[in-house]
Amino acid sequence: MAERRDMNAGGRRKGLGLGIAAGAVGILALLGITGLVVVYSGAYNVAATEEHASFTRWAFDTTFHNSVERQADGIVAPASFTPDRLAQGATAYKAMCQQCHSGPGVERAEWANGMRPRPPHLAEAAAGWSPQEVFWIVKHGVKMSGMPAFGPSRDDQAIWNIAAFVKELPAMTPEEYAAAGGGQQGGNTPPGVSPPSNGAQSPTPAPQ
Ligand code: HEC
């Protein structure tokens with residue numbers, strides 16, 4: 001008798017286990033179908049004129065930070081940088097990064113304001129990344145964000161120069177920034193300064 005009760009209990013447990021498994025499979029199938037409906041129906045608005053939903057932003061940011069942290073693990077930074085290498089980094093930064101990421105006393109290009117995610121001001125954001133992580137981001141870029149990979153066109157030494165300069169940005173005054181790299185100005189000008197008329201400025205003429 002006792003044995004039979006045990007068998008019944010075992011059967012019930014088995015039934016419960018199967019029920020939970022079936023429920024889990026059902027939920028997964030439903031999530032999969034919902035995902036496919038979102039992908040195929042066009043219901044998700046890809047417009048960059050709207051901010052990311054907070055969930056999308058959280059999912060992207062968290063994936064981005066954890067991925068970079070993991071990928072950059074084990075990269076060894078050069079022990080030090082000569083002033084000449086930092087100057088080379090400054091020149092490269094002003095030519096290739098400033099339009100999107102601005103600099104002390106210099107705004108990002110007007111068109112970069114229209115990007116989602118909007119490229120952060122590195123004068124603030126650089127403090128949150130190690131030199132190795134900045135190196136990795138610049139070399140490999142970031143998928144689905146608009147951050148280009150510079151590894152295919154630049155060697156590691158040039159990328160380290162840029163990363164070292166980026167790490168200096170948070171402590172830099174607008175005057176120091178303007179003078180860095182021999183004072184060459186990139187594709188953007190500080191607010192209130194009239195751009196030289198060489199035609200290499202922002203693609204849209206400033207409103208008069
Ligand atoms: C076309 C615009 C563009 C250019 C040019 C560009 N970036 Fe970026 N960058 C981005 C965007 C967009 C992100 C991702 C922002 C996000 O997800 O929050 C990003 C992210 C980064 C980050 C991580 C910052 C953070 O906290 O999110 C670093 C560091 C960085 N870029 C460095 C550089 C450097 C150095 C250069 C030049 C060699 C450069 N970028 C050129 C658009 C650009």
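# Helices around a ligand: a working chat

Mentor: Start with helices H3 and H7: their axes come within 7 Å and cross at roughly 85°. Axes here are lines fitted to C-alpha atoms, for helices over the stretch in contact, with angles from 0 to 180 degrees between N-to-C directions. This is a predicted model: local features need pLDDT of at least 70, side-chain atom pairs count only at pLDDT 80 or more, and totals for chains, interfaces and linings use all residues. Residues are numbered from 1 along each chain as its sequence is written.

Trainee: What do we call the way H3 and H7 are set to each other?
Mentor: Roughly perpendicular. That label covers 65 to 115 degrees; under 35 is roughly parallel, over 145 roughly antiparallel, and the rest oblique.

Trainee: Which residues make the contact?
Mentor: From H3, Arg85, Leu86, Gln88, Gly89, Ala90, Ala92 and Tyr93. From H7, Ala158, Asn161, Ile162, Ala164, Phe165, Val166 and Glu168. Contact means C-beta atoms, placed from the backbone, within 7 Å.

Trainee: How many of those are nonpolar, polar and charged?
Mentor: Nine nonpolar, three polar and two charged. Nonpolar is Ala, Val, Leu, Ile, Met, Phe, Trp, Tyr, Cys and Pro; charged is Asp, Glu, Lys and Arg; the others, Gly among them, are polar.

Trainee: Which residues of H3 are buried?
Mentor: Gln88, Gly89, Ala90, Ala92, Tyr93 and Lys94. The buried residues of H3 pack against H4 and H7. Buried means 20 or more other C-beta atoms within 10 Å of a residue's own; exposed means 12 or fewer, and partly exposed is in between, with C-beta atoms placed from the backbone.

Trainee: How far apart are the end C-alpha atoms of H3?
Mentor: 20 Å. The rule is 1.5 Å times one less than the number of residues.

Trainee: Zoom out. How many helices and strands are there?
Mentor: Eight helices and zero strands. Both are DSSP runs numbered from the N terminus: helices are H or I with at least four residues, strands E with at least two. Buried residues make up 20% of the 208 in the chain.

Trainee: Now the ligand. How many residues surround it?
Mentor: 26, and the closest are Cys97, Cys100, Pro119, Ala125 and Met147. A residue counts as near if its C-beta atom, placed from the backbone, lies within 6 Å.

Trainee: Which helices supply at least two residues each?
Mentor: H4 (98-101), H5 (122-125), H6 (131-140) and H7 (156-168). By class, the shell has 21 nonpolar, five polar and no charged residues.

Trainee: Loops next. Where is Ser102?
Mentor: In the loop between H4 and H5. Ser102 has a positive phi of about 55°, although it is not a glycine.

Trainee: Is Ser102 buried or exposed?
Mentor: Buried, because 23 other C-beta atoms lie within 10 Å. Pro117 is also in the loop between H4 and H5, and a cis peptide bond joins Arg116 to Pro117, with omega about -5°.

Trainee: What about Met144?
Mentor: Met144 is not a glycine either, yet its phi is positive, about 60°. Met144 sits in the loop between H6 and H7. Met144 is exposed, with 9 other C-beta atoms within 10 Å.

Note on methods: Contact = placed C-beta atoms within 7 Å.
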